[in-house]
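Here is a short briefing on one protein model. Look at its strands first, then at its nonpolar cores.

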Amino acid sequence: MKKLLYIICTIVPLLVSCKAHSGTGNSHSGGDTLTSRAELLTLVDHGDYVAAIVADPWNEGKVLASYALVNRNSATTPDIPAGYTKIDVPLTRSIVDSSTNSAAIAELGAVGSIAAVADGVYYNEADTIARLLSTGDIVDIGSSMSPKVETIVEVSPDAILSSPYQNAGHGVIATIGVPIIECADYMEPTPLGRAEWILFLGELYGARDKAATIYKQVSDDYTSLSETAAAASSDRPKVLPEMLTSGVWYVPGGKSYMAQMLSDAGAEYPWADNASSGSLQLDIAAVIDKASDADIWYMRNYGTPTLSTLKETSPLYAGIKAYKDGEVYNCDTSTSTIFNDIAFHPERILADFIAIFHPETMPQYTPVYFKKISSK
């Protein structure tokens, strides 16, 4: 049951409902704007502080949070605008409730500034954070949905990086006097927009140049791969995502992050004409009706199913063209790093998709995340 809950809680936030924003609704006179792709984040360097504006994903034109990032070693005190929360950076004892963000922080070389994480039990054993959890150098505050407040107080963090959810506050954590940094990156509607949030992490952890270097490479690689897919000689295959989970089949809306990635990979997506930027919660009959002729079917599953075990789960699966043709691919999330990588390295997942959808374009590439499942 814990494994199933983890899968649901990890997949659904990638797809939940949001609206596209043309910006954060803030104007900035003076200063250099550091972001360009992200629709929910604006970073502006004012010299003595960096303004970080996070737009409200659920209320277009509204601001979720505004921060003034001030170098903790600065000899001067900047004039911070009203309504901004002052954050002394680089952070030195932060709590991070998302493995996606902690992986990016580790890539920036700032893992030593993570004092605690949430959901430590789910970290991959090969992950740097998992090793530090085992030695006690990093503390586990328990579930991100109901963290241990007493442990948080004991850690004495200088900030908490937390993922916001619609119509949900941060509970008692919001009352303990520690700044909460709203990490709404998972609500971005495009892969490169989400990846650009690494610039925010770079500002928070004193790694601006490294973050910029990483993002530029990601952007260049993603763009190049997209061009490869666009030039493919083969037809765009019809692609069906995911599978039935507790009676619900979650598929990306036509304006969502994943729908964009599938398009960039050269796929025809059955729900491309849907106007939702979030997830669609369908029953299996609706999916079969819309996508029974799918050429390729991919899923992210805790463990590795076979065609036989899929059919045992639901005989209706056998009616899908991809099932009949043996074109079903699975990413085993019990060992894969896909949920960490998809945020700040979407080019890696895009490469897998292109190699599967248009193998003639990448003959030397072996997919890293998705493997064709066996019949038995």
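Two strands pair if DSSP finds at least two bridges between them. Helices (H or I, at least four residues) and strands (E, at least two) are DSSP runs, numbered from the N terminus. This is a predicted model, in which local features need pLDDT of at least 70 and side-chain atom pairs count only at pLDDT 80 or more, while totals for chains, interfaces and linings use all residues. Residues are numbered from 1 along each chain as its sequence is written, and side-chain values use heavy atoms, with hydrogens and water left out.

**Strand β3 and its partners**
- Strand β2 (residues 41-45) runs antiparallel to β3 and is joined to it by five bridges; Asp 45 has Val 50 in β3 as its bridge partner.
- Four residues lie between β2 and β3 in their hairpin, and Gly 47 in the turn has a positive phi of about 90 degrees.
- Strand β4 (residues 63-71) is also antiparallel to β3, with six bridges between them; Ala 51 has Ala 68 in β4 as its bridge partner.

**Burial of β3**
- Buried means under 20% relative accessible area, exposed over 50%, and partly exposed in between (1.4 Å probe, protein chains only).
- Six of the six residues of β3 (residues 50-55) are buried, so the strand is largely enclosed by the rest of the structure.
- Val 50, Ala 52 and Val 54 point one way from β3, and Ala 51, Ile 53 and Ala 55 point the other way.

**Nonpolar cores**
- A nonpolar core is a set of buried Ala, Val, Leu, Ile, Met, Phe, Trp, Tyr and Cys residues joined through side-chain atoms within 4.5 Å.
- The largest has 102 residues, and Trp 297 and Phe 353 are among those with the most contacts inside it.
- Helix α13 (residues 346-357) gives the most to this core, with eight residues.
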